[in-house]
Amino acid sequence: MPAHGAAAPWHTEPWHADPYVRALHAGHGPLFLRRADGWMLPLDVERWCADADVADRTVLRRCQGPILDIGCGPGRLVAALAIHGRPCLGIDVSQAAVDRTIRGGGPALCRSVFEPLPGEGRWGTALLIDGNIGIGGDPRALLTRVAQLMAPDGLLVVEAAGADVDERVRVRVDDGRGGVGTAFPWARVGVRALLHHAHAVGWELVEQWTARDRGFVSLRHAPPLPRSPTEH
């Protein structure tokens, strides 16, 4: 795994794996992230492929300015924003997810968050929902990268894991029926760990809330303190 603060690796292969693509086309699972020890995390494909729900709308109401949905998946949040005329963009490394987002009426690009992106330094809100704080397997590296994308007063909304967990692992997409994708790095962090990692790279807590048993935090990146005249 990359060290905290190091550039996180990115690649598109895992989310082009047949189990994930098949699930997106079908609009349902079963689908899991499977660790090397056999433990499997269920992925809520049905919710991802549906319209934005009550919990999602608590996130959307807090969005300000142009909105970047990082790891947009099939695009329910981007579609909901676009319907109301909100300037937004979804990015995802899966072309199948991007295609579904566009068909649903949301603008999207097949791009990693660690690649150059439109509007760097000008996004009013960034979203890391549905476990996407795990992208790259290093929350601090991801949070550092997101800070580069934001406008000076930008808001980051993150969905944390329901458990009090802080782990970096390698996982595969698994359909539970023998279909398995390529291994890739991932992370899971609960609220306590998320706030610890965020504070370490300059983010400050704005708000914390729960909706439909899903936990969210909003953060702003603190500007660096001015150097004193005696510093060289």
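At what angle do helix α1 and helix α5 pack, and how far apart are their axes? This is a predicted model, so please take every value as computed from it. In this model, α1 covers residues 18–26 and α5 covers residues 95–103. They pack at an angle of about 15°, and their axes are 9 Å apart. Angles under 35 degrees count as roughly parallel, and α1 and α5 are therefore roughly parallel to each other. Their crossing is left-handed. On the α1 side, the contact is made by Y20, V21, L24 and H25. On the α5 side, the residues are A96, A97 and R100.

Now the second pair. Helix α6 runs over residues 139–149, and helix α7 over residues 191–200. The axes of α6 and α7 come within 9 Å and cross at roughly 55°. The crossing of α6 and α7 is right-handed. From α6, the contact uses P139, R140 and L143. From α7, H196, H197, A198 and A200 take part.

Stepping back to the whole chain. How many helices and strands does the protein chain have? There are 7 helices and 11 strands. The chain has 232 residues, and buried residues make up 53% of them.

Last, the cysteines. How many disulfides are there? The count comes to 0. C110, for one, is in no disulfide, and the nearest cysteine sulfur, that of C72, is 9.3 Å away. The cut-off for a disulfide is a pair of cysteine sulfur atoms within 2.5 Å.

Is C110 buried, exposed or partly exposed? C110 has a relative accessible area of 29%, so C110 is partly exposed. C49 is at 18% relative accessibility, and because buried means under 20%, C49 counts as buried.

Definitions and conventions:
Residues are numbered from 1 along each chain as its sequence is written. This is a predicted model: local features need pLDDT of at least 70, side-chain atom pairs count only at pLDDT 80 or more; totals for chains, interfaces and linings use all residues. Side-chain values use heavy atoms; hydrogens and water are left out. Helices (H or I, at least four residues) and strands (E, at least two) are DSSP runs, numbered from the N terminus. Buried means under 20% relative accessible area, exposed over 50%, partly exposed in between (1.4 Å probe, protein chains only). Axes are lines fitted to C-alpha atoms, for helices over the stretch in contact, and angles run from 0 to 180 degrees between N-to-C directions. Angles under 35 degrees count as roughly parallel, over 145 as roughly antiparallel, 65 to 115 as roughly perpendicular and the rest as oblique. A crossing is left-handed if the near helix is turned anticlockwise from the far one by less than a right angle, and right-handed if clockwise. Contact means heavy atoms within 4.5 Å.
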